[in-house]
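Here are my notes for you, point by point. Keep the model open while you read.

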Amino acid sequence: MPPPLDPPPEDEPPDTVAWLNPPKPAPDMEPLPLEWPGLPTPIRRPEREPKWPVPAQQPTPRSDSYRAAKRFANMVVEILNGYRPPNQLRPLAHPHRFNDISDQVLRRTVRVRMTPGQAARHGTLVRIRRLLVNEPLEGIAEGVVVLEHGDNTWAMALRFERENRPNYGVLGWVCTLVQVL
């Protein structure tokens, strides 16, 4: 019979309380040793190469690719709000892909039925909610920008490539692809 878990009542004498007088073990049982052996040492497995390639680390906010993507996204927001003309994206974009990039940026204004500058006049400015950038390979950065305009929210996928030319892009990074989602 297990001992009771409740403390003894104060009116009973202590010698009659069952939990102070635990039952004796069975005669065929051996008592436990007083000194317990230490815990077994964990088995150490040899380190192996991972099966899958380790994903690239998220660039720190101070990295060049993050700063280039942030500069590009801020300029897109200024274009959508009407504070800049779309042609000012040209230095940040790849020369052969500028037309595709500007078409993608301005396509969003058609979907929302606003012209660049109309958002500023109506007081509902386009804002950046979130910017994520990743460098899957050396010299290539991919990012996503979540934008909001009033109750509407949408995303833009960006791709940047590093060009080792002086005074080219932002810190050597140029945008090669914009996809409005």
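1. Take the contacts (heavy atoms within 4.5 Å) between residues at least 6 apart in sequence: 48% of them join residues at least 24 apart. Keep in mind that this is a predicted model, where local features need pLDDT of at least 70, side-chain atom pairs count only at pLDDT 80 or more, and totals for chains, interfaces and linings use all residues. Residues are numbered from 1 along each chain as its sequence is written, and side-chain values use heavy atoms, with hydrogens and water left out.

2. Now walk along the chain. You'll find three helices and four strands, in the order α-α-α-β-β-β-β from the N terminus on. Both kinds of element are DSSP runs numbered from the N terminus: helices are H or I with at least four residues, strands E with at least two.

3. Look at strand 2 (residues 140-149) and strand 3 (residues 152-162): they run antiparallel, joined by ten bridges. Two strands count as paired if DSSP finds at least two bridges between them. Here E142 sits opposite R159 of strand 3. The hairpin has two residues between the strands, and G150 takes a positive phi near 65° there.

4. Strand 3 also pairs with strand 4 (residues 173-180), again antiparallel, over seven bridges. Find F160 and its bridge partner in strand 4, C175.

5. How much of the chain is buried? Buried residues (under 20% relative accessible area, 1.4 Å probe, protein chains only) make up 30% of the 181 residues. The accessible surface (Shrake-Rupley method, 1.4 Å probe) is about 13,700 Å², with 55% belonging to carbon and sulfur atoms.

Key. Buried < 20%, exposed > 50% of the residue type's maximum accessible area, 1.4 Å probe, protein only.
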